[in-house]
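This note sets out several points for a colleague who is meeting the structure for the first time. Please read the numbered points alongside the view below.

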Amino acid sequence: MIEPSDIGYVLPEITVLGTALALLLWAAITRADRRWTSVSIALTGNGLAALFMFMRAPADDAAVQVFAGQLVVDGYSTFFRTLFLILASLAIVFGAQRFATAPLTDFAALLQFSLLGMMLLVGAADWATAFIAIETMAIPVYVLVGLTRFRRESLEAAMKYFALGAFASAILVYGIAWTYGLTGTTSLAETAARLTAHGEAPWILFALGLVLVAMGFKVAAVPFHAWTPDAYQGAPTPAAAFISVGPKVAAMALLARIVTLAFEPLAANIAIALAVIAAATMILGNLAAIAQNDVKRLLGYSSIAHTGYMLVGLAAVSQTDGAATFVGIPSVLFYGFVYAFMTFGAFAVAYVVETQTGSNDISAFRGLAQRAPLPAVAMAIFMLSLTGVPPLSGFLGKLYILQSAVDANFGWLAVVLVVTSVVSAFYYLRVVVMMFMQDADASVHADAGSVPASAVVADTHSAVIAAVAGATVAFGIVGGGLLTWAQSAVSTGLL
């Protein structure tokens, strides 16, 4: 039964929805791209959503199920909702000054609608709610990819992403239908209780396989990754920065809740399946990235590899006295948080180079340290952190995941992670060499309407880049607090 008090727990989501509608109304009224007003509306809405979220946090760190068990408000959902509010706000500020190829108000409204889906997704405690939240998150993202519709590659990427996304959604619905047919419930917690009675029946494993395949598309795991580099390359770079982190981390959060809650009785099978997928994802993502000259495609394959790293943590299941424990979930939360800042920052710098030179080719980064020192230093931080170089946050994230893999007796998977991380150093450090050890290529000219190649960036981009670079360094030095928060989120979550 739905209680009136339930409304208070979803005030953050209501506020985000209201902000998105207010942006659409503002665009209809003004019929002009008054971007700073749009930025103010979006940031105010996200700030109020964050305020409501912490004011209405459950007492005593309890997990509160609302709307007849459809949603859960717990430490786990609060952790991710905080991250998503930060990312959406950064993306809107990032696009405020130079993103002139599309109306910023439309861009901000689409971000807010996708943000709404992500916030609902991490709190979903029912199959129906999870599916609705996925579509609420994904549909605006398809539009974001094709937002610069005058570019052929943007439209092509949007159509590919939409077609594969729809295919993944169909598989997910099929998997949910099988699960419901076998258990007679759409509640994730009830699903686990009723699966226990069935054991490891073939049809149960078939339903699990369908769900894993569908979620593999959403998180860009091998072999369901083909859309990723095309979508990132075709999307306008401010949109790609958001798409590469927000929806991916949200889908990973849902996958973690599904495997630890709904399919917990099949933990041993899940661990093996995820370990194999993680190894394939790390290997293919890193090897394919080596051959890329387009930085956005390089970051696309890089994000596939980092999906593999997070899947290692998700596959870390420890068996104690016959009971399965997903020991790696806190490391997945930590890594997802720091990964978001590293990758978002890398796309932000890529957009600076794109506006200066009109190119996304890696050669456009030549001499960046001479003409734009702040973005160059920040990009070096992001590349080194993605590699896993101490004392940056990427190193701590990989260390925690490695530890969880070893604790779960997945030593071979830990070896794959280390080896592929070493391989990744080749293409990450290649960007650093271009920026600091080579002079600018005189053959690279700025496109018409873009800033001269000698310009030094001094706008909202600089603020965003400095903020995410600072976070990348800070979480590497004092990351213990973030890990403690992640552990608390797991212990107080419906997992």
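1. A salt bridge is counted where a side-chain nitrogen of Lys or Arg lies within 4 Å of a carboxyl oxygen of Asp or Glu. By this rule, the structure has 7 salt bridges. The model is a predicted one, in which local features need pLDDT of at least 70 and side-chain atom pairs count only at pLDDT 80 or more, while totals for chains, interfaces and linings use all residues. Residues are numbered from 1 along each chain as its sequence is written, and side-chain values use heavy atoms, with hydrogens and water left out.

2. Helices here are DSSP runs of H or I with at least four residues, numbered from the N terminus. An α-helix has 3.6 residues a turn, so residues three or four places apart point the same way. Lys160 is partly exposed, at a relative accessible area of 36%, and Glu156 is also partly exposed, at 39%. The terms are set as follows: buried is under 20% relative accessible area, exposed is over 50%, and partly exposed is in between, with a 1.4 Å probe and protein chains only.

3. Helix α8 (residues 188-198) holds another pair, Arg194 and Glu190, which are 4 residues apart, about one turn of the helix. Their side chains meet in a salt bridge of 3.7 Å, N to O. Arg194 is partly exposed at 35% relative accessibility, and Glu190 is partly exposed at 37%.

4. The side chains of Asp230 and Arg297 also form a salt bridge, at 2.8 Å from N to O. Asp230 is in helix α10 (residues 227-234) and Arg297 in helix α14 (residues 295-315), so this pair ties together parts that are 67 residues apart in sequence. Asp230 is partly exposed, with a relative accessible area of 21%, whereas Arg297 counts as buried at 17%. Through salt bridges that share partners, Glu156, Lys160, Asp230 and Arg297 are joined into one network.

5. Which residues have the most contacts inside the largest nonpolar core? They are Phe84, Phe263, Leu314 and Phe365, in a core of 188 residues. Such a core is a set of buried Ala, Val, Leu, Ile, Met, Phe, Trp, Tyr and Cys residues joined through side-chain atoms within 4.5 Å. Helix α15 (residues 329-357) supplies the largest share of this core, 20 residues. Leu314 is in contact (heavy atoms within 4.5 Å) with Met252, Leu255, Ala256, Val259, Leu274, Phe326, Ile329 and Val332, leaving aside its neighbours within four places in sequence.

6. Helix α5 (residues 104-121) is largely enclosed by the rest of the structure, because 16 of its 18 residues are buried.

7. Thr19, in helix α2 (residues 11-30), is buried at 6% relative accessibility. Not counting residues up to four places away in sequence, Thr19 touches Ile41, Ala42, Gly45 and Gln112. Thr129 is placed in helix α6 (residues 127-145) and counts as buried at 13%. With neighbours within four places in sequence left aside, Thr129 is in contact with Gln70, Leu71 and Ala124.

8. Ile204 is part of helix α9 (residues 202-219) and is buried, with a relative accessible area of 2%. The C-alpha atoms of Ile204 and Gly328 are separated by 24 Å, and the two residues are 124 residues apart along the chain.

9. On the surface, Val377, Val433, Phe436 and Met437 form a nonpolar patch with about 380 Å² of accessible area together. Patches consist of residues with over 30% relative accessible area and no salt bridge; like charges are joined within 9 Å, and nonpolar side chains (Val, Leu, Ile, Met, Phe, Trp, Tyr) within 5 Å. Accessible areas come from the Shrake-Rupley method with a 1.4 Å probe, and for residues only the protein chains shown count as cover. Helix α19 (residues 411-437) gives the most to this patch, with 3 residues. Val433 is found in α19 and is partly exposed, at a relative accessible area of 32%.

Technical notes. Helix = DSSP H or I, 4+ residues; strand = E, 2+ residues; numbered from the N terminus.
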